Amino acid sequence: VRRWLINQPKEVPQKKEPHYKVKFSFTPYKLQREILDYLDGKRRNAYGGKYRFLVAVLGRQSGKSWLARYTLLDRAVNRKQNCIWVAPAITSARTHWNKLVNLIKKSGIPTKKINQASKEIHFYGGGTISIRSAIEPDNIRGDGLDFIVLDEAAFFRNGFYVWSQVIMPMITATGGSVLFTTTPDGRNWVYDIFRQGQDPNNKFYKSWQIPSTESPYQDKEMLA
């Protein structure tokens, strides 16, 4: 019995993952703050519930990408959510990936793993961010997600298919939410969901629109 006990492998204590919360220096301007308040449920629909689909149709250089990066990082790092950013093309997806990784490295946000090949970032606690392209939407299909950014959604090829057949099924069971950030491109499928968000009685969609001239980042004199 003594020999048997001696030869048994010792249990290796499991290392606990570090717990941390990141405070971001990003200061949203008025419209960005309003969008974030609706995303967080601080402001609600006419029935007292949270809007699931927020459609921000903004002019060029209106802070769409900054808003998306901040929201993704806050939800993945601080709220341990599984998130995805979908861009209209491979080149734009690669650009957003590089900017996001550089931001994380420069700011010193701890990461568990950064997978360059699959464009996935894993944070301690279980939160993740993945960057994908809408060019081959069926490759996006996967498990349920908590939060999704559809960047420049109006320019997706076969955009309504991407939204209705690929993205929506990934958040129906999880109770997740979707942020559409895009410049307008005529009266296409994004225009249709934008109009739904203008209806105060719609339970799911909330939408906003501002021109570039209202962006605090623009040179208004040059635009004029």
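## Reading salt bridges and a buried strand

Guide: Welcome! This predicted model holds six salt bridges.

Visitor: Happy to start there. Why can side chains pair like this?

Guide: Side chains of opposite charge can pair when their charged atoms come close. Take R33 and D37 here: their side chains form a salt bridge, with N to O at 3.3 Å.

Visitor: How many residues apart are R33 and D37 in helix 2?

Guide: They are four residues apart in helix 2 (residues 30–39), so about one helical turn separates them. As for accessibility, R33 is partly exposed at 31%, while D37 is buried at 15%.

Visitor: Which side chain meets D40 in a salt bridge?

Guide: That is R75, at 3.6 Å, N to O. This pair links distant parts of the chain: D40 sits in the loop between helix 2 and strand 1, R75 sits in helix 3 (residues 64–78), and they are 35 residues apart. D40 is partly exposed, with 26% relative accessibility, whereas R75 is buried at 5%.

Visitor: And which residues are linked with D40 in a network of salt bridges?

Guide: D74, R75 and R79 join D40 in that network. Within it, R79 and D74 form a salt bridge whose closest N and O atoms are 2.8 Å apart. Here R79 is partly exposed at 35%, and D74 is buried at 10%.

Visitor: Let's turn to strands. How many residues of strand 7 are buried?

Guide: Six of the six, residues 177–182, so strand 7 is largely enclosed by the rest of the structure. To read a strand, follow which way its side chains point. S177, L179 and T181 point one way, V178, F180 and T182 point the other way, and all are buried.

Visitor: Which strands pair with strand 7?

Guide: Strand 1 (residues 53–58) pairs with strand 7 in the parallel sense over five bridges, and A56 has T181 as its bridge partner. Strand 6 also runs parallel to strand 7, joined by five bridges; there, F147 is partnered with S177. The chain passes from strand 6 through helix 5 to strand 7 in a right-handed β-α-β crossover.

Conventions
Residues are numbered from 1 along each chain as its sequence is written. This is a predicted model: local features need pLDDT of at least 70, side-chain atom pairs count only at pLDDT 80 or more; totals for chains, interfaces and linings use all residues. Side-chain values use heavy atoms; hydrogens and water are left out. Buried means under 20% relative accessible area, exposed over 50%, partly exposed in between (1.4 Å probe, protein chains only). Helices (H or I, at least four residues) and strands (E, at least two) are DSSP runs, numbered from the N terminus. Two strands pair if DSSP finds at least two bridges between them. A crossover is right-handed if, with the strands pointing away from the viewer, the path from the first strand over the helix to the second runs clockwise. A salt bridge is a side-chain nitrogen of Lys or Arg within 4 Å of a carboxyl oxygen of Asp or Glu.
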